[in-house]
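Please look over the sequence and the model before reading on.

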Amino acid sequence: AITLSLARLARAGASTTAAAGGILVAAAVNTVTKAVLVGVIDRGRMARVVAAVFAAMLAAGAAAFLLA
């Protein structure tokens with residue numbers, strides 16, 4: 001929902017950089033929430049693997065945003 005709202009906002013004349021930043025923040029919050037849920041449910045190896053993969057995903061998203 002947030003992606004569609006921000007895309008429509010950008011099409012209506014708002015900054016595409018602001019819209020992309022908003023989408024990045026929404027995706028990051030969603031990812032961190034899921035990582036916390038995995039950490040609460042399983043504090044073992046699975047939680048460590050998910051945390052590492054999600055950290056790499058967040059870093060890649062931030063790098064792509066900053067380089068664009």
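## Ala63 and the model

Ala63 is partly exposed, because its relative accessible area is 33%, which falls between the limits of 20% for buried and 50% for exposed. Ala63 belongs to helix H3. From the C-alpha atom of Ala63 to that of Thr16 is 17 Å, and the two residues are 47 places apart along the chain.

The model is a predicted one.

## Helix H2

Helix H2 covers residues 16–41. At the N-terminal end, H2 is capped by Ser15, which has a side-chain oxygen 3.2 Å from the backbone nitrogen of Thr17.

The buried residues in H2 include Ala19, Gly21, Thr31 and Val38. What do the buried residues of H2 pack against? They pack against helix H1 (2–11) and against H3. Ala20 also lies in H2, but Ala20 counts as partly exposed because its relative accessibility is 34%. In space, Ala20 and Met46 are 31 Å apart from C-alpha to C-alpha, with a separation of 26 residues in sequence.

## Thr31

Thr31 is a residue of helix H2. Is Thr31 buried or exposed? Thr31 counts as buried, because its relative accessibility is 12% and the cut-off for buried is under 20%.

The side chain of Thr31 reaches the backbone oxygen of Ala27, at a distance of 2.9 Å. When neighbours within four places in sequence are left aside, Thr31 is in contact with Phe54, Met57 and Leu58.

## Helix H3

Helix H3 runs over residues 45–67 and has 23 residues. From its first C-alpha to its last, H3 reaches 33 Å, close to the 33 Å expected at 1.5 Å a residue.

With a relative accessibility of 48%, Ala52 counts as partly exposed. A distance of 9.7 Å separates the C-alpha atoms of Ala52 and Ala35, which are 17 residues apart along the chain.

## A nonpolar surface patch

Which residues form a nonpolar patch on the surface? The patch is formed by Val32, Val36, Leu37, Val40, Ile41 and Leu58, which together have about 560 Å² of accessible area. H2 gives the most to this patch, with five residues.

Val36, one of the patch residues, lies in helix H2. Val36 is partly exposed because its relative accessible area is 48%. Leu58, another member of the patch, is also in contact with the buried Thr31.

How values were computed:
Residues are numbered from 1 along each chain as its sequence is written. This is a predicted model: local features need pLDDT of at least 70, side-chain atom pairs count only at pLDDT 80 or more; totals for chains, interfaces and linings use all residues. Side-chain values use heavy atoms; hydrogens and water are left out. Helices (H or I, at least four residues) and strands (E, at least two) are DSSP runs, numbered from the N terminus. Buried means under 20% relative accessible area, exposed over 50%, partly exposed in between (1.4 Å probe, protein chains only). The expected span of a helix is 1.5 Å times one less than its number of residues. Patches are made of residues with over 30% relative accessible area and no salt bridge: like charges are joined within 9 Å, nonpolar side chains (Val, Leu, Ile, Met, Phe, Trp, Tyr) within 5 Å. Accessible areas come from the Shrake-Rupley method with a 1.4 Å probe; for residues, only the protein chains shown count as cover. A salt bridge is a side-chain nitrogen of Lys or Arg within 4 Å of a carboxyl oxygen of Asp or Glu. Contact means heavy atoms within 4.5 Å. A polar contact is a pair of N or O atoms within 3.5 Å; within protein, one must be able to donate a hydrogen and the other to accept it, and residues adjacent in sequence count only if both atoms are side-chain atoms.
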